[in-house]
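Here's a quick briefing for anyone meeting this structure for the first time. Have a look at the model, then read on for a few places to start.

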Amino acid sequence: MHKRFSVLALTAALALSSAHATRAGDGQSLFFNGKNLDGWEGLTEYWSVKDGAIVGATPKGLKFNTFLCSKGTYKDFELKFEVRLKDGGGNSGVQIRSEIKTAKTFTVAGPQCDMAEGYWGSLYGELFGNGGKGEMMKAAPKDVVAKAITKKGEFIDYYIKCVGKHVTIKLNGLTTVDDDFPTMPPQGIIAWQLHTGPAMEVTFRNIQFKDLSSK
């Protein structure tokens with residue numbers, strides 16, 4: 001009886017260990033649960049979860065950039081999602097390996113995978129580089145962006161992979177950035193952007209995250 005109990009206990013422990021490894025390996029359930037903003041912080045009057053998507057909206061516009069920030073930090077990862085700027089207007093992006101600079105407004109500094117007319121698919125330094133003023137780290141080729149985005153205001157497949165100093169960005173399957181960046185921080189938060197300016201709305205849906213740090 002004791003032997004049987006020991007075998008059952010060992011089997012249960014191995015199953016639990018395997019389940020934990022799977023959950024920790026992909027990181028999806030810990031990144032965004034699709035139900036609410038648990039695990040995230042920001043000015044909640046601008047952010048919500050609707051039908052499993054993260055929605056950012058500024059009905060009266062903004063006088064500063066603000067972000068919805070992950071409470072956890074990340075090193076190497078792969079992030080896929082669909083993004084739509086309502087009516088094709090506004091300006092947004094996703095910060096990678098970044099840091100909060102001003103908690104009151106959730107101002108963030110670091111590399112940003114950009115989303116806006118003239119900037120889609122580029123890697124921009126938000127308050128990062130150029131003495132902290134910000135600078136373009138890698139502009140997306142205009143011809144590639146033109147092929148990737150043929151109609152404004154529609155959902156766009158956005159892909160980001162960050163491993164070591166290397167960053168890859170794709171729009172609708174077309175590569176816009178695929179380079180090493182010596183100034184890339186070793187780790188940091190991930191954050192979704194609402195940009196200063198007129199009223200806008202951005203939706204991030206079908207978010208898929210995979211933690212590559214342990215591989």
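**A first look around**

Start in the middle: the largest nonpolar core counts 52 residues, and Leu79, Phe81, Trp192 and Phe204 are the ones with the most contacts inside it. Keep in mind that this is a predicted model. From the core, we'll move on to a pocket, a strand residue and a loop residue.

**The core**

- Phe204 is a handy one to click on, as it is among the residues with the most contacts inside the largest nonpolar core.
- Leaving out residues up to four places away in sequence, Phe204 touches Trp47, Ala53, Ile54, Phe81, Glu82, Val83, Ser92, Gly93, Val94, Met115 and Trp192.
- Two names on that list, Phe81 and Trp192, also belong to the group with the most contacts inside the core.

**The largest pocket**

- The largest pocket has a volume of about 330 Å³.
- It is lined by 22 residues, and Ala116, Glu117, Gly118, Trp120 and Val145 are the closest to its centre.
- Which element gives the most to this lining? That would be helix α3, spanning residues 142–148, with three residues.
- Sorted by class, the lining of the largest pocket has twelve nonpolar residues, along with five polar and five charged ones.

- Thr107 sits in strand β7, which covers residues 107–116.
- Is Thr107 buried or exposed? Its relative accessibility is 15%, so Thr107 counts as buried, the cut-off being under 20%.
- The side chains of Thr107 and Thr105 are joined by a polar contact of 2.6 Å.
- Setting aside neighbours within four places in sequence, Thr107 is in contact with Asn65, Phe67, Glu99, Ile100, Lys101, Thr102 and Leu127.
- Lys101, one of those partners, belongs to strand β6 (residues 91–102).
- Beyond residues up to four places away in sequence, Lys101 touches Thr107, Val108 and Ala109.
- Lys101 and Leu127 are 26 residues apart in sequence, with 9.1 Å between their C-alpha atoms.

**Ala199 in its loop**

- Where does Ala199 lie? Look in the loop between β13 (189–194) and β14 (200–211).
- Ala199 counts as partly exposed because its relative accessibility is 48%, and that class runs between 20% and 50%.
- Along the chain, Ala199 and Ala57 are 142 residues apart, yet their C-alpha atoms are separated by 7.4 Å.
- Not counting residues up to four places away in sequence, Ala199 touches Thr58, Pro59, Lys60 and Gly61.

Terms used
Residues are numbered from 1 along each chain as its sequence is written. This is a predicted model: local features need pLDDT of at least 70, side-chain atom pairs count only at pLDDT 80 or more; totals for chains, interfaces and linings use all residues. Side-chain values use heavy atoms; hydrogens and water are left out. Helices (H or I, at least four residues) and strands (E, at least two) are DSSP runs, numbered from the N terminus. Buried means under 20% relative accessible area, exposed over 50%, partly exposed in between (1.4 Å probe, protein chains only). A polar contact is a pair of N or O atoms within 3.5 Å; within protein, one must be able to donate a hydrogen and the other to accept it, and residues adjacent in sequence count only if both atoms are side-chain atoms. Contact means heavy atoms within 4.5 Å. A nonpolar core is a set of buried Ala, Val, Leu, Ile, Met, Phe, Trp, Tyr and Cys residues joined through side-chain atoms within 4.5 Å. On a 1 Å grid over the protein atoms alone, a cavity is a set of points where a 1.4 Å probe fits but cannot get out, and a pocket is an open set with protein on both sides within 12 Å along at least five of seven lines; lining residues have an atom within 4 Å of a point. Grid points are joined across faces, edges and corners, and a volume is the space filled by probe spheres set on the points. Ala, Val, Leu, Ile, Met, Phe, Trp, Tyr, Cys and Pro count as nonpolar, Asp, Glu, Lys and Arg as charged, and the others, Gly among them, as polar.
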